[in-house]
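Q: I am new to this one. Could you take me through it step by step?

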Amino acid sequence: MRRLSARLKALPMLAALVLPATEAPAPAGLDGARGCPAVARPQVPGARILTVAVAGHPGGVAFLSDGGHLVTGVPAFCDVTVVLTHPGAGDRVRVRLWLPRTRWNGRFQAVGGGGFSAGGSERTLIPAIRGGYAAASTDAGDRTASSGRPDWALDPDGTVNEGLLTNFAYRSVHEMSIVGKQVTAGFYGRPAAYSYWNGCSTGGRQGLMEAQRYPSDFDGIVAAAPAINWDRLTVAQFWPQVVMHDAGVYPTACAFDAFNRAAISACDAEDGVTDGIIGRPERCAFDPGTLVGRTIVCHGRRVRIGQADADIVRKIWDGPRSTSGRQLWYGLLRGTPFTPLAATTKSPFGPRHGAPFPVADNWIKYFLEQRPGFDTSTIGHVGFERLFQRSRARYHAVMGTDDPDLSAFRAAGGKLITWQGLADRVVFPQGTIDYRRRVEAFMGGADATDRFYRVFLAPGVGHCGGGPGPVPIDPLAALVDWVEHGHAPDRLPAATTGAMGRNTTTTDLCRYPQVC
């Protein structure tokens, strides 16, 4: 769940520079690894520093060990890894800093994670140092498996590891800001003039958590497609699987696409432009029942749309409800792809069945049932409602990230930009809009909120990017201009790029609730 603020280009047949993740202690003086200076141990209240390691890299071409990509245009930098622990927790939290040797822009930028990973990815650090920032990320001590499973979640006795959950929820990002600022100041001989947060999805949630809990950590925050309301969002992501389970019908991706194409055809022109994008999907009232009885062609086969198919689509769009009919959370907006939340699959000799979204599936297995082997395919409506309420009761305080009181952040002079794709298939846009409205209600209205917090909605854009709609080009640049020069953005430049990176079309996104 993460958008890169710059595209990384894979280049074959070039010499590679391996960027290792090491925890070896740094020697005194120069570390001997291409001349980077030693770094003093930072001081972090409530934590103990285990090791500080420094390695130098000449820049140019780099090989990312966490993704197998070759990238160019990397400036020479010093790679600092600080490992810390919390007494009694038994954790090992890694904070990674990349510090440009030359042309530092005087700023510090921290970047976030995705899914159950708090961060630590090299690919998110590259754009930051390319822009001249001292950059930092943390893994929160939560070494998520390559499959995306939160294997860190449970202790050997099957209970949730509260220390690592606290790290993931909020503690480690705050401590990264402390470590990052101290190391940056020591390395360059002066503190960063400004500090910024830049993240999407889990990274967006982390940014808003910082504004809520640690309002002085960052001068500016980009929190895109934020996975806030986590305790409700992650269970709500499982709702399409429950709907199909209870109906005993598992439509193919082709059938789901037919409903979306029909919705787009019906609502595309409502914004005055026919461009294959629903500009205001929350207003689209297309009835999926109009497709019942129609025949579509899927992979060369003729398939008839049935009433059960339409009922499933209607319930997915409507969003999860209790067994008594009370709305629990939001659903997918019309025009948004149904996968991965409503994904299905079929073995060569068996019936079609559900293929749940891993984050939702694993949240239920590891945090709610606390049994990694739990069979989520057995969950029906009654069980779903029970899990939804359990998630909210157990995890809202630590993971909800929905506190509308941003008065301390405002008082600290902080500025916050959120952008949200309206065709986001993972983070429901109405949850982001709901949070902004609740902030307005708490902070004195829309005008008062706009003085420090602005939201931009991107029609036709998926999760952290992608889709046929215009994606913000550089929201961080707009944030920097706001923080440092007082230019509050009314518009964000955005672009739609065609196949093979051609035919780029630029436009602007207007600040919520305005529509460009």
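The conversation below covers disulfides, a sheet and one threonine.

Q: What kind of model is this, and how are residues numbered?
A: This is a predicted model, in which local features need pLDDT of at least 70 and side-chain atom pairs count only at pLDDT 80 or more, while totals for chains, interfaces and linings use all residues. Residues are numbered from 1 along each chain as its sequence is written, and side-chain values use heavy atoms, with hydrogens and water left out.

Q: How many disulfides does a search of the whole structure find?
A: The search finds five, where a disulfide is a pair of cysteine sulfur atoms within 2.5 Å. With the bonded cysteines of the protein chain numbered in sequence order, the pairing reads 1-2, 3-8, 4-7, 5-6, 9-10.

Q: What about C36 and C78: how far apart are their sulfur atoms?
A: The sulfur atoms of C36 and C78 are 1.9 Å apart. The torsion about their S-S bond is about -95°, so this disulfide is left-handed. C36 lies in the segment before strand 1 (48-57) and C78 in strand 4 (residues 77-85), so the pair ties together parts that are 42 residues apart in sequence. Helices (H or I, at least four residues) and strands (E, at least two) are DSSP runs, numbered from the N terminus.

Q: And which cysteine is joined to C267?
A: C267 is joined to C284, with an S to S distance of 2.0 Å. The link of C267 and C284 is right-handed, with 70° about the S-S bond. C267 lies in helix 6 and C284 in the loop between helix 6 and strand 10, so the pair ties together parts that are 17 residues apart in sequence.

Q: Is C267 buried or exposed?
A: C267 counts as buried, at 2% relative accessibility. Buried means under 20% relative accessible area, exposed over 50%, and partly exposed in between (1.4 Å probe, protein chains only).

Q: Changing topic, what is the order of the open sheet of three strands?
A: The order is 16-17-18, with antiparallel pairing. Strand 16 (471-472) and strand 18 (505-510) stand at the edges, each with a single partner strand, so one side of each is left without a neighbour in the sheet. Two strands pair if DSSP finds at least two bridges between them; strand 17 (residues 491-496) and strand 18 have six.

Q: Last one: where is T124?
A: T124 is in helix 1 (residues 122-130). T124 is buried, with a relative accessible area of 9%, and its side chain reaches the backbone oxygen of S121 at 2.8 Å.

How values were computed:
Polar contact = N/O pair within 3.5 Å; in protein donor to acceptor, adjacent residues only side chain to side chain.
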